[in-house]
Amino acid sequence: MIRRVAGSNPLENVYGYSRAVVAGDWALSAGTTATVNGQVVHPGDPYRQAHAAFKIALDALREAGFERAFVVRTRMYVIDMGHQSEIGRAHKDLFGEIRPVATMVEVAALADPDHLIEVEVEAYRPAAGPSPETV
């Protein structure tokens, strides 16, 4: 079974995508930036943009029935690897106890010149089984 979760970004309708998709035991977020009501929030602040982008993605996953504890992978696309420590700090604030696998890569540009980061989040929740545990 596949379930699609809509977000509030008008580009979802323009470009034909969902904020998150649940496919069986998996939930995946779309690439998510710190954009609220069509406006980039926290321009120039990589920590706050990372936090905001992850929150938007996590809210969509939560709406799909996946709590933060189920996150198994994050991807961070950044325009300047010089922001790594601030973005990494935001990641640790949100995922430090969960410790998903993570990727951070530098890209040439994102959709808006004020975007400093775009994130993707993947979560796994077995249909039957215990809550996630850390090892």
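Is Asn37 buried or exposed, and what relative accessibility does the residue have? In this predicted model, Asn37 counts as exposed, because its relative accessibility is 67%. The legends below treat this residue and several other sites in turn.

**View 1**
Most residues other than glycine have a negative phi, and most peptide bonds are trans.

**View 2. The tilted aromatic pair of Trp26 and Tyr124.**
A pair of aromatic rings is described by the distance of the centres and the angle of the planes. The structure holds 3 aromatic pairs. One of them joins Trp26 and Tyr124, whose ring centres are 5.0 Å apart and whose planes meet at 55°, so the pair is tilted. Trp26 counts as partly exposed at 36% relative accessibility, and Tyr124 counts as partly exposed at 31%.

**View 3. The edge-to-face pair of Phe66 and Phe70, with Arg125 over the face of Phe66.**
The rings of Phe66 and Phe70 have their centres 6.4 Å apart and their planes at 75°, so this pair is edge-to-face, the angle being over 60 degrees. Phe66 is buried, with a relative accessible area of 1%, and Phe70 counts as buried at 14% relative accessibility. Arg125 lies over the face of Phe66, at 4.1 Å from the ring centre.

**View 4. Arg89 over the ring of Tyr47.**
In this close-up, Arg89 lies over the face of Tyr47, and the distance to the ring centre is 3.9 Å.

**View 5. The largest nonpolar core and the elements that contribute to it.**
In soluble globular proteins, nonpolar side chains tend to be buried together. The largest nonpolar core of this model has 26 residues, of which Phe54, Leu61, Phe66, Ile117 and Val121 touch the most other members. Two or more residues of this core come from each of strand S2 (20–23), H2, strand S6 (71–78), helix H3 (84–95) and S8. H2 provides the largest share of this core, with 8 residues.

**View 6. The largest pocket and its lining.**
Rolling a probe the size of a water molecule over the atoms shows where empty space is left. The largest pocket holds about 510 Å³ of space. It is lined by 28 residues, and those closest to its centre are Asn9, Tyr17, Arg19, Thr33 and Thr35. Helix H1 (11–15), strand S4 (35–36), strand S5 (39–40) and helix H2 (46–63) are the elements that give two or more residues to the lining. H2 gives the most to this lining, with 5 residues. By residue class, the lining of the largest pocket divides into 10 nonpolar, 11 polar and 7 charged residues.

**View 7. Gly7, in the loop between strand S1 (2–5) and H1.**
Gly7 counts as partly exposed, at 38% relative accessibility. Although Gly7 and Lys55 are 48 residues apart in sequence, the distance between them in space is 12 Å, C-alpha to C-alpha.

**View 8. Ala102 and Ser29, two strand residues.**
Ala102 has its place in strand S7 (residues 101–106), and at 46% relative accessibility this residue counts as partly exposed. The C-alpha atoms of Ala102 and Val72 are separated by 8.5 Å, while the two residues are 30 residues apart along the chain. Ser29 lies in strand S3 and counts as buried, at 10% relative accessibility. Ser29 and Ser18 are 11 residues apart along the chain, and their C-alpha atoms are separated by 8.1 Å.

Key: Residues numbered from 1 in each chain as written. Predicted model: local features only at pLDDT ≥ 70, side-chain atom pairs only at ≥ 80, totals over all residues. Heavy atoms only, no water. Phe/Tyr/Trp six-rings, centres within 6.5 Å; stacked < 30°, edge-to-face > 60°. Buried < 20%, exposed > 50% of the residue type's maximum accessible area, 1.4 Å probe, protein only. Lys NZ or Arg CZ within 6 Å of the ring centre and 35° of its normal. 1 Å grid on protein atoms, 1.4 Å probe; cavity = no way out; pocket = protein on both sides within 12 Å on 5 of 7 lines; lining within 4 Å. Points joined across faces, edges and corners; volume = space filled by probe spheres on them. Helix = DSSP H or I, 4+ residues; strand = E, 2+ residues; numbered from the N terminus. Nonpolar A, V, L, I, M, F, W, Y, C, P; charged D, E, K, R; others polar. Core = buried A, V, L, I, M, F, W, Y, C linked by side-chain atoms within 4.5 Å.
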